[in-house]
Amino acid sequence: MVLKNKNILIGVTVGIAAYKAAELVSTLRKMNANVRVIMTKSAAEFVTPVTFQTLSGFPVRHELFTDWSKNFIPHIENALWADAVAIVPATANIIGKIAHGIADDLLSTTIMACEAPVLFAPAMNERMFKNPIVQRNIRTLKDLGYYFIEPAEGRLACGEVGKGRLPEIDTILWHLEYVLSKKDFAGIRVLVTAGGTREPIDPVRFISNRSSGKMGYELAEALSKRGAEVVLISAPTELEAPYGVELVKVETAQEMYKACMERFDGVNMVIMCAAVADFEPADYSREKIKKDSGFENIKLKRTPDILSEMGRLKSQQFIIGFCAESQNLEENAERKLKEKNLDLIVANDITKNIFGSDTTSIIILDASNNKLKYDGVSKKEAAHIILDAAVKGYRRRMGLEA
Ligand code: C5P
């Protein structure tokens with residue numbers, strides 16, 4: 001979503017990983033980003049400019065002194081066009097040149113002229129990467145606000161194994177989205193919960209619910225891209241932990257309660273998106289219960305209400321709860337907002353098939369009775385909508401906004 005309609009300039013420098021840049025360009029185009037590519041002269045020895053030209057739909061150049069006409073000065077035009085630049089792969093040479101202000105070909109002059117964020121994805125032999133000169137140049141550039149992706153570990157083109165591989169395309173895309181996102185959550189530590197807890201009956205059976213965890217994971221990912229420090233306390237899900245997020249895995253409501261309480265004092269915001277089971281078996285059976293005995297006698301007891309406890313204990317924390325209802329959605333949401341001492345509540349109408357789906361319908365309510373309604377939005381979009389409301393409320397609470 002962040003990359004849609006964005007102008008992404010890809011700089012390709014030499015290395016066996018240059019072919020992966022072709023895959024990146026192709027993926028970006030599929031995501032409806034506009035892509036241009038500038039290669040260095042040596043990179044063109046590895047992958048032909050025609051490949052990138054075909055994938056990006058735009059002429060690919062490396063020379064500084066071609067294509068100049070009255071209205072087209074390539075390095076300036078490209079630098080102004082780009083919303084973000086990614087150097088994939090980035091050699092020690094391009095890192096060194098930019099760190100020292102050397103601009104002697106189309107790529108280096110473009111970077112020098114560019115005010116958009118620039119992301120380097122270094123890929124080289126581990127010894128080269130660890131060289132103190134390269135490390136110093138990376139530090140210099142980071143201090144100046146340039147972004148870097150750590151190379152991945154694995155088998156390198158030279159046959160050695162070490163840290164120097166170009167990271168996976170998904171990792172590069174994550175970083176591109178990161179550099180393009182507003183950082184309105186910088187300095188804010190957020191606890192997010194996700195998924196449906198499981199309350200064991202015996203070693204093989206449990207009580208749970210239909211929560212897929214998608215909404216909570218989208219929130220954690222969006223938060224991390226917007227600069228928050230995120231701890232995600234997750235009940236079992238099929239999902240992968242979002243990049244840059246501290247993941248704490250739990251299973252039961254009791255475990256989630258403990259994990260939340262241990263971290264509550266240290267956070268500025270809580271987003272309680274998990275579908276915490278309301279009941280747990282009163283007695284756990286160590287032995288598998290036989291199907292012809294015992295089930296009719298399973299007794300249930302209430303789990304701790306984590307959100308209510310946080311509402312009771314809260315000091316600086318801005319607390320956001322969720323409520324899933326099949327009837328009287330707004331009335332129930334308003335009541336829970338007050339009863340649980342929340343700052344914001346997100347109400348889901350579960351008659352609209354939201355469980356496991358990639359879309360949702362939400363109503364966001366705050367304590368001053370402000371109401372926002374969104375029907376049939378993707379959970380990715382919903383995450384950003386919820387965070388926009390959250391950061392606004394948080395800043396107001398902190399006296400940073402009227
Ligand atoms: O009262 P209700 O269960 O509808 O409230 C839902 C909200 O409370 C959600 O934010 C959910 O994560 C949280 N909750 C909780 N502990 C429970 C049950 C729900 O924190 N035991």
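The legends below describe close-up views of a predicted model. In this predicted model, local features need pLDDT of at least 70 and side-chain atom pairs count only at pLDDT 80 or more, whereas totals for chains, interfaces and linings use all residues. Residues are numbered from 1 along each chain as its sequence is written, and side-chain values use heavy atoms, with hydrogens and water left out.

**View 1. Helix 1 packs against helix 3.** Helix 1 spans residues 18–30 and helix 3 spans residues 49–56, where helices (H or I, at least four residues) and strands (E, at least two) are DSSP runs numbered from the N terminus. Their axes, which are lines fitted to C-alpha atoms over the stretch in contact, with angles running from 0 to 180 degrees between N-to-C directions, lie 9 Å apart at an angle of about 10°. The two helices are therefore roughly parallel to each other; angles under 35 degrees count as roughly parallel, over 145 as roughly antiparallel, 65 to 115 as roughly perpendicular and the rest as oblique. Ala18, Ala21, Ala22, Val25, Ser26 and Arg29 of helix 1 make the contact (heavy atoms within 4.5 Å) with Thr51, Phe52, Leu55 and Ser56 of helix 3. By class, this contact has 6 nonpolar, 3 polar and 1 charged residues, with Ala, Val, Leu, Ile, Met, Phe, Trp, Tyr, Cys and Pro counted as nonpolar, Asp, Glu, Lys and Arg as charged, and the others, Gly among them, as polar.

**View 2. Helix 10 crosses helix 14.** The axes of helix 10 (residues 214–225) and helix 14 (residues 379–397) come within 9 Å and cross at roughly 60°, and the two helices are therefore oblique to each other. On the helix 10 side, the residues in contact are Lys214, Met215, Glu218, Leu219, Glu221, Ala222 and Leu223, and they meet Lys379, Lys380, Ala382, Ala383, His384, Ile386 and Leu387 of helix 14. These residues divide into 8 nonpolar, 1 polar and 5 charged.

**View 3. Helix 9 also meets helix 10.** Helix 9 (residues 169–180) and helix 10 have axes that come within 8 Å and cross at roughly 60°, which makes helix 9 oblique to helix 10. Trp174, Glu177 and Tyr178 of helix 9 meet Glu221, Ser224 and Lys225 of helix 10, a contact that divides into 2 nonpolar, 1 polar and 3 charged residues.

View 4. A backbone N or O atom of Ile306 lies 3.1 Å from a nitrogen atom of the ligand. A polar backbone atom of Leu307 is 2.8 Å from an oxygen atom of the ligand, and a polar side-chain atom of Lys340 lies 2.8 Å from an oxygen atom of the ligand.

**View 5. Backbone geometry at Pro89 and Asn5.** Most residues other than glycine have a negative phi, and most peptide bonds are trans. Val88 and Pro89 are joined by a cis peptide bond with omega of about -10°, and Pro89 lies in strand 3 (residues 84–90). Asn5, in the segment before strand 1 (7–12), has a positive phi near 65°.

Technical notes
Polar contact = N/O pair within 3.5 Å; in protein donor to acceptor, adjacent residues only side chain to side chain.
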